[in-house]
Amino acid sequence: QAATWLVSRHSPSMRGRQGVALGRARPCRPGGHRVPLTAAGLVLPVITVVVAVARALLAVEKHPALTFTASTPAWASAWGFAQRRRPAVPGSVWGHSHCGLALRASASCVRGLTVRELKERLRDEGLPVSGKKADLVARLQEFLAMQEAAADEVAKEAEKSAGEAETEGDAAPPLPFKAGDIVEAQSDEDDQWYAATVQRDHSDGTFMVTWQEDDTEYSCSSEKMKMVRKAASPAAFFAGDTVEVYWEEDQKWHPARVRMNNGNGEFIIIWKEDGLEHHCKPEQMRHLAKRTSLRELRRGQKLKGTVGRSFSFGTFVDIGAECDGLVAPFYMYEGKGEPLSEGDSVQALYAEENRFYPARIERAHGDGTFTVAWDEDSEECECKKEDIRLTRPRGVEEGAQVDVWVNEVTTARNGQNRLSLTMVESKLGQQRPLITTPFESFSEGDWLTGSVLSTPSFGIFVNVNPPAGGRPVRGLIHITQIKDGYVERTQDEVEIGQEVKVRVTAVDAAAGRLDLSMKP
């Protein structure tokens, strides 16, 4: 202000015009003494003015919230001068908040302009220039007020957009929950949070979890889940998957269903055979390969198979179909007579009880008699050839790879599909002599007396005496045919050697299987 006043004292041309040059609205100080001004005398005032303007700009930079009014003419003039030379950058303090300050300062300075200056400003803005000075002042003030309101609106919108962008940037993305993760999930029943383990991603924003408190299943959305601990490694098996699990005791793979992931690297599975639960590690599990439909198989088709379990009626072979195929003993050797030899697995008659038991031929004497060792206690016994039935020839051991041919696909009376195979191609289509032939004439309402031989987990094997006499015939009572209701263990229902009443439900002539039931 002092520098401006000093310049006005030295230059008559500055009187009344310094507001135009610097945006100043107030006239110069009245009564100022006119001092002749030379070229050299202008140097100091000019330098002083430049320094004042620079200091004003620095003050604005440090204190952008300052409000300029007519009472601060030098700052208002300097600010207006600087603002006109700075580009309006959207979202910046120069483009919005400071712009409003400049407009308010300019509006307050309008009254100090001359009529000529007012008209020049109005022409620059494309406004009418007719009327008295009061009309020109009012018109220019109204225009500046509209600009100020527009600038404030732009500033508010910019601040709002910046706030929304900051909020979106700070929002944490949803966590990618995986099977095996330990989480906290909110229950819809009581809105409480409980520890749970993720079991499966439904791919729709929801997950299947199991509460750690009672292992019950629950479907929960990701918004109601919090990560507690990530799984140590990605899960390869998920709840509901059908798998095969390796059982250490018999060193075999058995079908099962995954019940849940424990979240500690172990799984709980349910055996398909008996429905019991078992804990196992992922290295003891494998996915089931895609199985071939029985409809795709044709008689005479040659396949590779893996030898499975053997029973008195035959041996099961896995060929990758939807069910294992059965190779009856008749389809394991050439010709019609059973070529018994050392190492063969057989069923031998125990004369004292008139019952057949599993055994292995130890020696062939060459006179139609053989020495067998019972599987139960390895004790040896002498038997005649007619008292021995072949179960499985030597070399056809469990787990061995064999060539087989599709013999027949049949449907039993209970609707179950059965696959008959042969290891001898020349026997394709041949019917073997069946010892169960007398039973084919029985109906499901006829009852017989049988003796319990063994109680595996899937059912009860029974020796049944034919009504017309002759050797006993072994039949199977499936676990579902023992009684109405759930059967947990077959050995809890009967004892070895116990006599039971059974009825014939189905006879498979091709496989030599006899199905029985204890249910009325």
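So, E277 and R259 form a salt bridge, with their closest N and O atoms 3.3 Å apart. By salt bridge I mean a side-chain nitrogen of Lys or Arg within 4 Å of a carboxyl oxygen of Asp or Glu. E277 sits in strand β9, residues 277-280, and R259 in strand β7, residues 252-261, so this pair ties together parts that are 18 residues apart in sequence. Strands here are DSSP runs of E, at least two residues, numbered from the N terminus. R259 is partly exposed, at 22% relative accessibility; partly exposed is what falls between buried, under 20% relative accessible area, and exposed, over 50%, using a 1.4 Å probe and protein chains only.

Quick word on where this comes from: it's a predicted model, where local features need pLDDT of at least 70, side-chain atom pairs count only at pLDDT 80 or more, and totals for chains, interfaces and linings use all residues. Residues are numbered from 1 along each chain as its sequence is written, and side-chain values use heavy atoms, leaving out hydrogens and water.

How many salt bridges are there by this rule? The count is 14.

Another of them joins R363 to E380, closest N and O atoms 3.0 Å apart. R363 belongs to strand β15 (355-364) and E380 to strand β17 (380-384), so here the linked parts are 17 residues apart in sequence. R363 is partly exposed at 36%, and E380 is partly exposed at 47%.

Then there's K483 with E493, at 3.5 Å, N to O. Both lie in the loop between β23 and β24, so this pair ties together parts ten residues apart in sequence. K483 is partly exposed at 35%, and E493 is partly exposed at 28%.

Technical notes: Helix = DSSP H or I, 4+ residues; strand = E, 2+ residues; numbered from the N terminus.
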